Amino acid sequence: MNDSLVVPVSIVNTTDKTANVEVSLKVDGPLKITSSTKKSIQIQPNSTSSVTFGILAQSQVGAGKIIFETSGLAKVKEEIDIAVRPVSPLIVETGSGTIAAGKEVKIDIPKNFLKGTQTTTLTISKFPAVKFAKHLKYLVGYPHGCIEQTVSRLFPQLYFEDLAKVVAPDYYRTTNPVYYVKEGIRKIESMQLYDGSLAYWQGGTETSWWGSVYAAHFLVEAKKAGFNVSENVLNKLMKYLSQKAKEQSTFDYVTYTQTGRTIKKIANKEILYSLYVLAMYGEGDIATMNYYKARPHLVSEDMRYLLAGAYALMGSWNSYCMKLCRMLSLLREQTG
């Protein structure tokens, strides 16, 4: 768009006579000729000559066509299709608001976009979360990708079927969220390895511990929601998580301050997440939970909430309340 083109046209005279040729140019679509539309040229026998034309892509978007025709030596017609695209990338503007009962709201639709490129969608819903439609739309649909991408697409469809239909209706014209969740469950089950863990990619052989916990979390929630989940897959997956949670593995947790950085050993976050999911499944590991409860320096702040939640799921409300109160106290101390 707004680009200028200098178009050379070569004419070949394959005869043994001098030829006079007229070349004409026509355009269609968002194109404009900036030179003369016709040019004449004399070509010597068995030789080549050329003429040039000027073309401008206008401030519009669409399919253009360049048409050359010759007369004199021979009648030839050549058509060239060319796309005229905008200079800028795709721009998306969104907004949200609330309409009170009995009130009117005026919505101003932007008018500064290129002609023929603007699409406007207005969604009205009783769901307050529809304001997040722009982000949710990227999540819903068929669960392609690695184990993390697959589960991330499935979770919102599991909880927000009605909302998903509102924010992404194109995905559900021929199918529905139930279909996508079922397909996702089958895909996850097909990614299980011999030791009960899940591969990072479908068909892969390398275990993803975090992906296994994340997918286990989803499968437990899907089962609660009434979806058919293989008991054999779940049992093997939970056995894997139970074994990994007992390893007491750690990693270097680095924090930065104005005076430098601090490194300390903390438990792998997959451990606490595994304990939480095991508790959700009804197979909580109290002994391992107590191990980390007695060693809070090994548990990162975000994982302390999962540990407290695991106690709550196991019905240990005293431990849950003590753990949660301790976490809130530590947070108050750190934030002043």
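In which loop does Gln248 lie? Gln248 lies in the loop between H6 and S8, that is, between helix H6 (231-245) and strand S8 (250-257). The structure is a predicted model, in which local features need pLDDT of at least 70, side-chain atom pairs count only at pLDDT 80 or more, and totals for chains, interfaces and linings use all residues. Residues are numbered from 1 along each chain as its sequence is written, and side-chain values use heavy atoms, with hydrogens and water left out.

The protein chain has 10 helices and nine strands. Helices (H or I, at least four residues) and strands (E, at least two) are DSSP runs, numbered from the N terminus. Of the 336 residues in the protein chain, 36% are buried. A residue is called buried under 20% relative accessible area, exposed over 50%, and partly exposed in between (1.4 Å probe, protein chains only). The protein chain exposes about 20,600 Å², and carbon and sulfur atoms supply 52% of this area. Accessible areas come from the Shrake-Rupley method with a 1.4 Å probe; for residues, only the protein chains shown count as cover. Among contacts with a separation of 6 or more, 61% are between residues 24 or more positions apart; a contact means heavy atoms within 4.5 Å.

Gln248 also has a backbone feature to note. Its phi is positive, about 55°, although the residue is not a glycine. Most residues other than glycine have a negative phi. Asn46 is likewise not a glycine and has a positive phi of about 50°. Asn46 is found in the loop between strand S4 (38-43) and strand S5 (47-57). Asn46 counts as exposed because its relative accessible area is 56%, whereas Gln248, at 42%, counts as partly exposed.

The loop that holds Gln248 also holds Lys246, which takes part in a pairing of charges. Side chains of opposite charge can pair when their charged atoms come close. The side chains of Lys246 and Asp285 meet in a salt bridge with an N to O distance of 3.1 Å. A salt bridge is defined as a side-chain nitrogen of Lys or Arg within 4 Å of a carboxyl oxygen of Asp or Glu. This pair links distant parts of the chain, 39 residues apart, with Asp285 in the loop between helix H7 (269-280) and helix H8 (286-293). Asp285 is buried, with a relative accessible area of 12%, while Lys246 is partly exposed at 45%. Elsewhere, salt bridges that share partners join Lys65, Lys77 and Glu79 into one network.

The structure holds nine salt bridges, and two further pairs may be followed here. Arg186 and Glu189 form a salt bridge through their side chains (3.1 Å, N to O). Both residues lie in helix H4 (residues 177-190), three residues apart, which is about one turn of the helix. Arg186 is partly exposed at 36% relative accessibility, but Glu189 is buried at 16%. In another pair, the side chains of Lys223 and Glu231 meet at 2.4 Å, N to O. Lys223 is partly exposed, with 33% relative accessibility, and Glu231 is partly exposed, with 38%.

Attention now turns to a helix residue. His217 is found in helix H5 (residues 209-224) and counts as buried because its relative accessibility is 15%. Not counting residues up to four places away in sequence, His217 touches Phe155, Tyr273, Tyr276, Val277 and Met280.

On a 1 Å grid over the protein atoms alone, a pocket is an open set of points where a 1.4 Å probe fits, with protein on both sides within 12 Å along at least five of seven lines; lining residues have an atom within 4 Å of a point. The second largest pocket has a volume of about 230 Å³. Grid points are joined across faces, edges and corners, and a volume is the space filled by probe spheres set on the points. The second largest pocket is lined by 13 residues, of which Val9, Ser10, Ile11, Thr70 and Val76 are the closest to its centre. Strand S1 (4-13), strand S2 (19-28), strand S6 (62-71) and S7 each supply at least two residues of this lining, and S1 gives the most, with four residues.

Finally, the surface carries a nonpolar patch formed by Ile99, Val105, Ile107, Ile109, Leu122 and Ile124, with about 610 Å² of accessible area together. Patches are made of residues with over 30% relative accessible area and no salt bridge, like charges being joined within 9 Å and nonpolar side chains (Val, Leu, Ile, Met, Phe, Trp, Tyr) within 5 Å. Ile107, one of these residues, lies in the loop between strand S7 (76-84) and helix H1 (133-136).
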